[in-house]
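Colleague: I would like to go through this model with you. Please show it first, then I will ask.

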Amino acid sequence: MEGAEFHPGWKKSVYPSEEFIRTSLENGELYAARLEGTMAAAMVLNHTCTPGYETIAWTVQAEPEDVSAIHALGVLPACQGKGVAGAMFREAVRLAREAGQKALRLDVLSGNLPAQKLYTAAGFQYRGTIQLFYEDTGPADFLLYELPL
C-alpha cells in the first residue's frame with residue numbers, strides 16, 4: 001500500500017505483519033484477487049474481532065463464532081478504482097453467508113475517508129467510533145461497520 005493515494009495508515013512489516021499473513025494463509029483465512037494477471041488485492045476473513053468491538057451497539061446480536069470480520073483489505077494502488085474492493089466485499093459476503101454467519105464486521109481508521117465511503121456504498125452500516133489499539137497506529141479512533149446477513 002506504499003505509494004497509494006489514500007493510504008490506510010498501515011506500517012510496512014508492522015501491520016499486516018508477515019506472521020499475521022502467514023498464519024492467516026495457514027488457517028485458510030487469506031483471500032486474494034487477481035486483475036489482468038496481477039495480484040490486485042488481499043484480505044483476511046475470520047472470527048477474530050479486536051478487543052473493544054464488544055462495546056459497540058451492534059444491530060445483530062451474535063456470538064463471536066457467528067460473526068465474520070474483515071481485516072487488512074488492501075488493493076494494489078495501480079488496481080484501485082477498478083471495482084476490485086467491491087468484488088472482495090461480495091466474496092466476503094458470499095463466504096460468510098455460505099458459512100451461516102449472522103453479520104460481517106470491520107473497522108477503519110477515522111481519517112480513511114475513501115474506505116469509509118466504500119464500506120457505506122457496499123451496504124455496511126456505521127455503528128460507532130471507538131479507540132482501538134493496533135501495532136501500527138497505537139491507540140487511535142476507528143469507525144466500526146456492520147453488514148447484517
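Colleague: In which sense do strand β5 (residues 125-134) and β6 pair?
Modeller: This is a predicted model: local features need pLDDT of at least 70, side-chain atom pairs count only at pLDDT 80 or more, and totals for chains, interfaces and linings use all residues. Residues are numbered from 1 along each chain as its sequence is written, and side-chain values use heavy atoms, with hydrogens and water left out. Strands are DSSP runs of E, at least two residues, and helices are runs of H or I, at least four, numbered from the N terminus; two strands pair if DSSP finds at least two bridges between them. A three-residue hairpin joins β5 to β6, and their nine bridges are antiparallel.

Colleague: What is the bridge partner of F133 in β6?
Modeller: Look at the pairing of β5 with β6. There, F133 bridges to P139.

Colleague: What is the distance between the end C-alpha atoms of helix α2 (residues 84-98)?
Modeller: The expected span is 1.5 Å times one less than the number of residues. For the 15 residues of α2, that gives 21 Å. The model agrees, because the end C-alpha atoms are 21 Å apart.
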